Amino acid sequence: MWFAPALGDAPKGSRPLGDRDLHLVTLNRYRYSEQRSCKDLTEVIEQLNGQPPELIRDLSHHISDEPRHAMWLTDLLVELGANVGTPPGSSYIDEFDRLIDREFFNPEHNLEDSIIAGLAAINVTEKRGCEYFSAHIYALKQAPQTEENIKIRQTIEKILPEEAGHVRWGNRWLGQLADKSPEHRQKVDQAKRKYAAIEQAAFEAGMDITLGAELRRVANLLEVANTMPVWQRPQYLMERLPQTLLAPDLQRTRINVVERVWKRDPQTLIERFVPMFLNGLKGMQDNRQKTKA
Ligand SMILES: [Fe+2]
Ligand SMILES: [Fe+2]
């Protein structure tokens with residue numbers, strides 16, 4: 001899959017496996033990512049328009065796994081009576097999409113650079129998927145061995161080896177391209193660094209809803225820009241800075257988390273979240289006043 005951090009809307013310090021609701025939301029985020037990756041990877045094939053055929057073949061093999069993962073997770077969630085709608089709040093995939101520099105992905109004009117970029121982008125998200133699934137399986141082995149937990153573990157255990165295969169074919173392609181010449185190696189390394197920074201920024205955006213998250217997102221955006229050639233940086237930043245600062249998805253996620261905590265534990269909401277929001281609002285007002293002055 002192109003992976004989506006599952007615990008993005010879990011308040012810091014909560015134990016996802018100890019909370020059935022959050023656990024099911026997590027699984028639904030996996031389902032959503034698996035389903036979405038079919039669409040995104042198909043788009044890559046269309047953009048490559050048949051070139052090179054061996055890459056189209058490997059991509060199509062990869063794509064054929066993803067709807068099966070979505071199907072297994074959907075079957076599981078429906079069996080458990082869980083929601084299979086679009087998950088609430090910040091989406092890792094949308095943030096990853098937004099941060100990706102499509103303006104420099106153009107197979108028609110520069111096939112090789114676009115292939116390197118596409119492979120590096122796919123590879124880094126597949127790696128994250130493997131990390132998450134491994135951690136989830138580990139957590140489930142420590143958790144009480146209820147029928148439900150066992151079913152969930154068995155489903156993730158079916159998916160993980162195929163995700164590892166997705167990482168492997170990407171590594172093989174990137175390795176072969178890097179071996180072509182020192183210049184190729186440099187391009188591959190640079191692409192790996194860039195997409196690792198983009199992926200990390202998208203990952204953190206899904207995890208971080210606390211005060212100051214917008215500013216940390218800007219810092220991450222600068223990290224991404226720093227992996228690019230100097231002349232590409234201004235355009236990249238100018239197109240993304242406004243939304244990073246306003247972060248409407250972040251506000252939505254915060255509201256969503258508050259609703260959920262309110263239903264479950266009003267006292268925690270008052271003690272932990274209200275001061276955070278009030279401080280956040282105060283910070284915004286202070287900044288506005290500073291800007292006016
Ligand atoms: Fe995958
Ligand atoms: Fe998958």
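**Entry 1: overview**

I began with burial: of the 293 residues of the protein chain, 30% count as buried. I noted that the model is predicted. I then counted the elements and found ten helices and zero strands. From the N terminus on, I read them as α-α-α-α-α-α-α-α-α-α. Next I looked at contacts between residues at least 6 apart in sequence. Of these, 73% join residues at least 24 apart.

**Entry 2: confidence**

I looked up the pLDDT. The protein chain averages 81, and 72% of the residues score at least 70. Over residues 1-16 the pLDDT is below 50. In the model this stretch still has 57 contacts beyond near neighbours in sequence. I keep a caution here: where pLDDT is low, the predicted coordinates should not be read in detail.

I checked the length of α1, which covers residues 20-48. At 1.5 Å a residue, its 29 residues should span 42 Å. The end C-alpha atoms are 42 Å apart, so the two values agree. I also found a kink of about 25° in α1, centred on Ser-37.

Just after α1 comes Asn-49, with a positive phi of about 50°. Asn-49 sits in the loop between α1 and α2. Is Asn-49 buried or exposed? I counted 10 C-beta neighbours inside 10 Å, so Asn-49 counts as exposed; the cut-off for exposed is 12 or fewer.

Pro-52 lies in the loop between α1 and α2 (53-79) as well. A cis peptide bond joins Gln-51 and Pro-52, and I read an omega of about -15° there.

**Entry 3: helix α5**

I repeated the length check on α5, residues 147-178. Its 32 residues should span 46 Å at 1.5 Å a residue. The end C-alpha atoms are 47 Å apart, which agrees. Which residues of α5 are buried? I listed Ile-152, Ile-156, Ile-159, Glu-163, His-166, Gly-170, Trp-173 and Leu-174.

**Entry 4: the cores**

I turned to the largest nonpolar core, which has 26 residues. Those with the most contacts inside it are Ile-116, Leu-119, Ala-120, Ile-198, Ala-201, Ala-202 and Val-224. The elements that give two or more residues to this core are α3 (92-99), α4 (111-142), α5, α6 (182-207) and α7 (213-226). The largest share, nine residues, comes from α6.

I picked out Ala-201 for its contacts. Leaving out residues up to four places away in sequence, Ala-201 touches Leu-99, Asn-220, Leu-221, Glu-223 and Val-224.

I found a second, separate core of ten residues. Its members include Leu-27, Ala-70, Tyr-132 and Ile-152. I had already listed Ile-152 among the buried residues of α5.

**Entry 5: Leu-222**

My last stop was Leu-222, in helix α7. I counted 15 C-beta neighbours inside 10 Å, so Leu-222 counts as partly exposed. I then looked at Leu-237, which is 15 residues from Leu-222 along the chain. The C-alpha atoms of the two are separated by 7.6 Å.

Conventions: Residues numbered from 1 in each chain as written. Chains lettered and ligands numbered in written order. Predicted model: local features only at pLDDT ≥ 70, side-chain atom pairs only at ≥ 80, totals over all residues. Helix = DSSP H or I, 4+ residues; strand = E, 2+ residues; numbered from the N terminus. Expected span 1.5 Å × (residues − 1). Bend = angle between axes of the 7 residues up to and from the residue. Buried ≥ 20, exposed ≤ 12 C-beta atoms within 10 Å, placed from the backbone. Core = buried A, V, L, I, M, F, W, Y, C linked by C-beta atoms within 7 Å. Contact = placed C-beta atoms within 7 Å. pLDDT = per-residue confidence, 0-100.
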